[in-house]
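Thank you for making the time this morning.

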Amino acid sequence: MTLIRNPAVTVTELEGEFFLVEPDSQEIYYLARIARGLWRAAESGTTQEELCELMVAAFPDSPAEAIRADVERVVGEMVSGQLLLSAPERPRERSAEAGP
């Protein structure tokens, strides 16, 4: 599943801190450093697996499984808060050899 930012979410930076406001609920979310990186990476669409790989590469001295668990937790929170949305999947191109 491809994840994208909810374009309706408002981003506010205040003294180096990032806050997101979900427009329907008006709930305010504080983005810690890792969550900020995930938010930025989702700008043009990404998968949870790609986000995990990005964070594992960024923190090579930390246990990969712990990083993956953290990414899954944060992404889950961002999806449930409607900060990240599921993007429609692009249809796969059929090869000319596949036929109708």
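Leaving aside its neighbours within four places in sequence, which residues is N6 in contact with? The residues that N6 touches are E22, W39, Q82, L83, L84 and L85, where contact means heavy atoms within 4.5 Å.

Before I go further, a word on the basis of all this: what you see is a predicted model, in which local features need pLDDT of at least 70 and side-chain atom pairs count only at pLDDT 80 or more, while totals for chains, interfaces and linings use all residues. Residues are numbered from 1 along each chain as its sequence is written, and side-chain values use heavy atoms, with hydrogens and water left out.

To place N6, it sits in the loop between β1 and β2, the latter being residues 10–14. N6 is buried, with a relative accessible area of 10%; on this scale buried means under 20% relative accessible area, exposed over 50% and partly exposed in between, with a 1.4 Å probe and protein chains only.

Now the overall layout. The protein chain has three helices and six strands, and from the N terminus on they run β-β-β-β-α-β-α-α-β; these are DSSP runs numbered from the N terminus, helices being H or I with at least four residues and strands E with at least two. Of the 100 residues of the chain, 27% count as buried, and among contacts with a separation of 6 or more, 54% are accounted for by residues 24 or more positions apart.

Let me turn to α3, residues 64–80, whose 17 residues reach 24 Å from the first C-alpha to the last, close to the 24 Å expected, that expectation being 1.5 Å times one less than the number of residues. The buried residues of α3 are I67, V71, V74, V75 and M78. They cover an arc of only 100° around the axis, which puts them on the same side of α3, the arc being that of the directions from the helix axis to the C-beta atoms. On the other side of α3, by contrast, E65 and S80 are exposed. What do the buried residues of α3 pack against? Their partners are the strands β1 (2–5), β4 (28–31) and β6 (84–87), together with the helices α1 (33–41) and α2 (48–58). After α3 comes Q82, with a positive phi near 60°, and Q82 is also one of the residues in contact with N6.

The helix pairs come next. For α2 and α3, the packing angle is about 135° and the axes are 9 Å apart; axes are lines fitted to C-alpha atoms, for helices over the stretch in contact, and angles run from 0 to 180 degrees between N-to-C directions. That makes α2 oblique to α3, since angles under 35 degrees count as roughly parallel, over 145 as roughly antiparallel, 65 to 115 as roughly perpendicular and the rest as oblique. Residues of α2 including L51, C52 and M55 meet residues of α3 including I67, V71 and V75.

The other pair, α1 and α2, packs at about 130° with axes 11 Å apart. The contact is made by I34, G37, L38 and A41 of α1 and L51, L54 and M55 of α2.

I will end on A41, which lies in α1 and is partly exposed, with a relative accessible area of 26%. Not counting residues up to four places away in sequence, A41 touches T46, L51 and L54; A41 and L54 are 13 residues apart in sequence and 8.7 Å apart in space, C-alpha to C-alpha.
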